[in-house]
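Let's take a friendly walk through a protein model together.

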Amino acid sequence: MKYPMFEPLLDAVLVVGPLKEVYYCNDACVSLFDLSRKKIVSECPIYDWLTVDDSSLFISKEGTKGELEETGYIEVNFESKSGKKGLVQISILPTQELFGRNKLWFVYFHDVSLEDRLHRKYLKQLQEKEAIILSLDKSREKTDSSQNIESLFFSQLVECTNTLFLESNNLDIGLKNGKLGVVQVKATIEAIQGCAKKISKIIEGNNQKKL
């Protein structure tokens with residue numbers, strides 16, 4: 001079977017038969033599961049080479065979710081027979097062959113492994129930011145009484161903390177709206193890291209001046 005409309009898609013797509021055997025896969029499937037097309041498109045059922053942590057899904061051995069009605073996207077962890085693991089959003093769509101009677105199912109896989117790693121990294125950066133701000137609060141209580149040093153010190157801190165809060169708020173909004181791009185996350189993480197380093201240098205310089 002050929003389904004040329006699926007070939008250019010970045011998301012992996014499988015066409016599954018009544019016995020959960022795979023009739024078709026696009027190139028994205030080969031890359032996602034790290035398996036040959038011959039291994040994927042075979043007489044064996046899909047659950048022989050792919051497992052997901054939601055056994056209720058139709059692509060699992062005893063699963064029925066998606067058999068009669070479209071599931072929408074469901075986020076699950078997967079492991080293929082090659083040992084490849086990841087996080088995907090799966091959608092199962094029951095359909096029929098255009099010129100046949102056999103029932104078919106289109107199964108879409110949207111890989112979110114990279115987004116998940118970036119999100120975890122972002123949360124770690126936020127935790128580090130909060131620790132730095134707490135350290136700043138403690139350091140501010142011990143600052144020198146000199147007006148010139150105090151003025152320069154806190155003006156630099158205000159600039160850095162404003163940047164940190166702005167970047168984190170922008171990411172929070174992006175995460176809530178589901179419109180967070182990989183490029184935006186990377187740029188924000190770099191900005192947060194830069195501010196964190198700058199703040200650390202300010203604190204270090206201020207402590208040295210006290211000595």
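## First look

How many helices and how many strands does the chain have? The chain has five helices and six strands. Both kinds of element are DSSP runs, numbered from the N terminus: helices are H or I runs of at least four residues, and strands are E runs of at least two. Starting at the N terminus, the elements follow the order β-β-α-α-β-β-β-β-α-α-α.

Before going on, please note that this is a predicted model, in which local features need pLDDT of at least 70 and side-chain atom pairs count only at pLDDT 80 or more, while totals for chains, interfaces and linings use all residues. Residues are numbered from 1 along each chain as its sequence is written, and side-chain values use heavy atoms, with hydrogens and water left out.

The chain has 211 residues, and 38% of them count as buried. Here, buried means under 20% relative accessible area, exposed means over 50%, and partly exposed lies in between (1.4 Å probe, protein chains only). Now take the contacts in the chain with a separation of 6 or more: residues 24 or more positions apart account for 50% of them. A contact means heavy atoms within 4.5 Å.

## The sheet

In what order do the strands of the sheet lie? The order is S2-S1-S6-S5-S4-S3, in an open sheet of six strands with antiparallel pairing. Strand S2 (22-25) and strand S3 (50-52) are the edge strands, each pairing on one side only. From one strand to the next, the twist averages 35 degrees. For such angles, axes are lines fitted to C-alpha atoms (for helices over the stretch in contact), and angles run from 0 to 180 degrees between N-to-C directions.

Two strands pair if DSSP finds at least two bridges between them. S5 and S6 run antiparallel and are joined by nine bridges, with Gln89 opposite His110 in S6. Gln89 in S5 also stands opposite Glu75. Strand S4 (residues 74-80) and strand S5 (residues 85-96) pair in the antiparallel sense over six bridges. S1 and strand S6 (residues 103-111) also run antiparallel, joined by five bridges, and there Val15 stands opposite Phe106 in S6.

## A buried lysine

Find Lys20 in the loop between strand S1 (12-16) and S2. Is Lys20 buried or exposed? Lys20 counts as buried because its relative accessibility is 8%. Its phi is near 65 degrees, a positive value in a residue other than glycine.

Lys20 has no salt bridge, and Glu67, the nearest side chain of opposite charge, is 6.5 Å away. In this count Lys and Arg are positive and Asp and Glu negative, while His and the chain ends are not counted. What the side chain of Lys20 does reach is the backbone: a polar atom of this side chain lies 2.6 Å from the backbone oxygen of Ser60, and the backbone oxygen of Lys61 is reached at 3.2 Å. Leaving aside neighbours within four places in sequence, the residues in contact with Lys20 include Cys44, Tyr47, Phe58 and Gly63.

## Two salt bridges

How many salt bridges does a search of the whole structure find? The search finds two. A salt bridge is a side-chain nitrogen of Lys or Arg within 4 Å of a carboxyl oxygen of Asp or Glu.

One of them joins the side chains of Arg37 and Asp27 (2.2 Å, N to O). Arg37 lies in helix H2 (residues 37-40) and Asp27 in helix H1 (residues 27-33), so this pair ties together parts that are ten residues apart in sequence. Arg37 is partly exposed at 34% relative accessibility, and Asp27 is partly exposed at 45%.

In another, the side chains of Asp54 and Lys65 meet at 4.0 Å, N to O. Asp54 and Lys65 are eleven residues apart, each in the loop between S3 and S4. Asp54 counts as buried at 18% relative accessibility, whereas Lys65 counts as partly exposed at 37%.

## Two more stops

Asp34 is in the loop between H1 and H2. Its phi is near 55 degrees, a positive value in a residue other than glycine, and Asp34 is partly exposed, with a relative accessible area of 49%.

Finally, look for Glu190 in helix H5 (residues 182-210). Glu190 is exposed, with a relative accessible area of 56%. The C-alpha atoms of Glu190 and Gln125 are separated by 9.7 Å, while the two residues are 65 residues apart along the chain.

Definitions and conventions
Polar contact = N/O pair within 3.5 Å; in protein donor to acceptor, adjacent residues only side chain to side chain.
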